[in-house]
Amino acid sequence: MDPRETPETGSSVSTRLEDVWVCIVWNDPVNLMDYVTHVFQIHFGWPRAKAEKKMLEVHERGRSVVSSGSLERTESDVQAMHSFGLWATMRRSGE
Amino acid sequence: MRAFQRRGEEAVAWLDADEREGLATVVAGVRALTEADPSRPEGTEPEDDETLRLFPNAAPMDQTVAQDFRQLTEPNLRALKTSRLDAMLEYLTHDEAEWIVLLDEALSIAAALTDVRLVLATRLGLKTDEDAELLRGELEVADTLLEGGLPEGLDVDRERVWFVAVYQALTWLQHSLVACLMDQTGDDQRGGGDE
């Protein structure tokens, strides 16, 4: 988590919930299941079982939160997903 | 056309001259979409659905974040996608039937195959998993057409059927290429060695 460099007056915690972002991968009919699993393994460094579980969540539930963190980190994850042709979006964790 | 098969540290497929020429045309069209569009102001969304699928909106609920993301990432994403498609075109436009992909480069090629399939799927109106199933039915028509067996006078959108055939061929190629990559992971777990 990124501590805020200039916390607002009255804020006692360095990282508030709204500063946490999540990267969501959405289901689409084009991306192959094995490919998505492999991309998750390579990009996030997950073992095969976790990557498969997340891939199935995307496929069966329509979407899955694949990472959370600072704005910068989440942007970089979304960018990586887009580079592989996966449909990914980001939003603040509290929304 | 032969799908990718593992050969040592490479994945090898085989396409005849007509198949390579047909695919090269489609890939070149997609490559054009990955190039910068001077008429579109930086940070704004592409107007056509095909380009938008390659560079989707990263934050549909928050226009400012979406715009910042686009400004920040799109130039790099464009360059990456273009270079991956170029690697595909290099094979497709050379007079060589064997398509040799080093396993180290296989994920890049699989990503380029994805981009081409995303554009074709958008063109074909493929939006749900059910649409993908329906496409399989169209493929049978495509096969008959490609073999020249479709009766004269039958009302078929030949361009669409051709795109369906290309889409399915690319799906098959990508599937086999990813299988080679997964196979490699399996090797690592077993401690290596070819069968």
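Here are some notes on the chain A and chain B model, point by point.

1. **Ground rules.** This is a predicted model in which local features need pLDDT of at least 70 and side-chain atom pairs count only at pLDDT 80 or more, while totals for chains, interfaces and linings use all residues. Residues are numbered from 1 along each chain as its sequence is written, chains are lettered from A and ligands numbered from 1 in the order in which they are written, and side-chain values use heavy atoms, with hydrogens and water left out.

2. **The sheet of chain B.** Three strands form an open sheet in the order β1-β2-β3, with antiparallel pairing; strands are DSSP runs of E with at least two residues, helices are runs of H or I with at least four, and both are numbered from the N terminus. Two strands pair if DSSP finds at least two bridges between them. The edges are β1 (2–7) and β3 (98–102) of chain B, each with a single partner strand, so one side of each lacks a neighbour in the sheet. On average, neighbouring strands here are turned by 20° against each other, direction ignored. Four bridges link β1(B) with β2 (residues 10–14) of chain B in the antiparallel sense, and Q5(B) has V12(B) in β2(B) as its bridge partner. Helix α4(B) packs on this sheet, touching β1, β2 and β3 of chain B, and its direction makes about 110° with that of β3(B).

3. **Helix α1 on α4 in chain B.** Helices α1 (residues 17–34) and α4 (residues 103–123) of chain B pack at an angle of about 90°, with axes 10 Å apart. Axes are lines fitted to C-alpha atoms, for helices over the stretch in contact, and angles run from 0 to 180 degrees between N-to-C directions. α1(B) and α4(B) are therefore roughly perpendicular (65 to 115 degrees; under 35 is roughly parallel, over 145 roughly antiparallel and the rest oblique). From α1(B) come V26(B), V27(B), V30(B) and L33(B), and from α4(B) come D115(B), V116(B), V119(B) and L120(B); contact means heavy atoms within 4.5 Å. By class, this contact has seven nonpolar, no polar and one charged residues (Ala, Val, Leu, Ile, Met, Phe, Trp, Tyr, Cys and Pro are nonpolar, Asp, Glu, Lys and Arg charged, and the others, Gly among them, polar).

4. **Helix α3 on α4 in chain B.** The axes of α3 (residues 63–92) of chain B and α4(B) come within 9 Å and cross at roughly 100°. Residues of α3(B) in this contact include R84(B) and M88(B), which meet a set in α4(B) that includes D115(B) and V116(B). The contact divides into eight nonpolar, one polar and three charged residues.

5. **The sheet of chain A.** Here the open three-stranded sheet has the order β2-β1-β3, with antiparallel pairing. Its edges are β2 (63–69) and β3 (87–92) of chain A. Neighbouring strands are turned by 25° on average, direction ignored. Six bridges join β1 (residues 21–26) of chain A to β2(A), and V25(A) stands opposite S64(A). Helix α2 (residues 48–61) of chain A lies across β1 and β2 of chain A, at about 130° to β2(A).

6. **The interface.** In all, 38 residues of chain B are in contact with 29 residues of chain A. The buried area is about 2,700 Å², with 65% from carbon and sulfur atoms (accessible area, 1.4 Å probe, that two parts lose on being put together, summed over both). F69(B), L107(B) and M182(B) supply 21% of the area that chain B buries against chain A, more than any other three residues. Two salt bridges are counted between the chains (a side-chain nitrogen of Lys or Arg within 4 Å of a carboxyl oxygen of Asp or Glu). R92(A) forms a salt bridge with D62(B), with the closest N and O atoms 3.5 Å apart.
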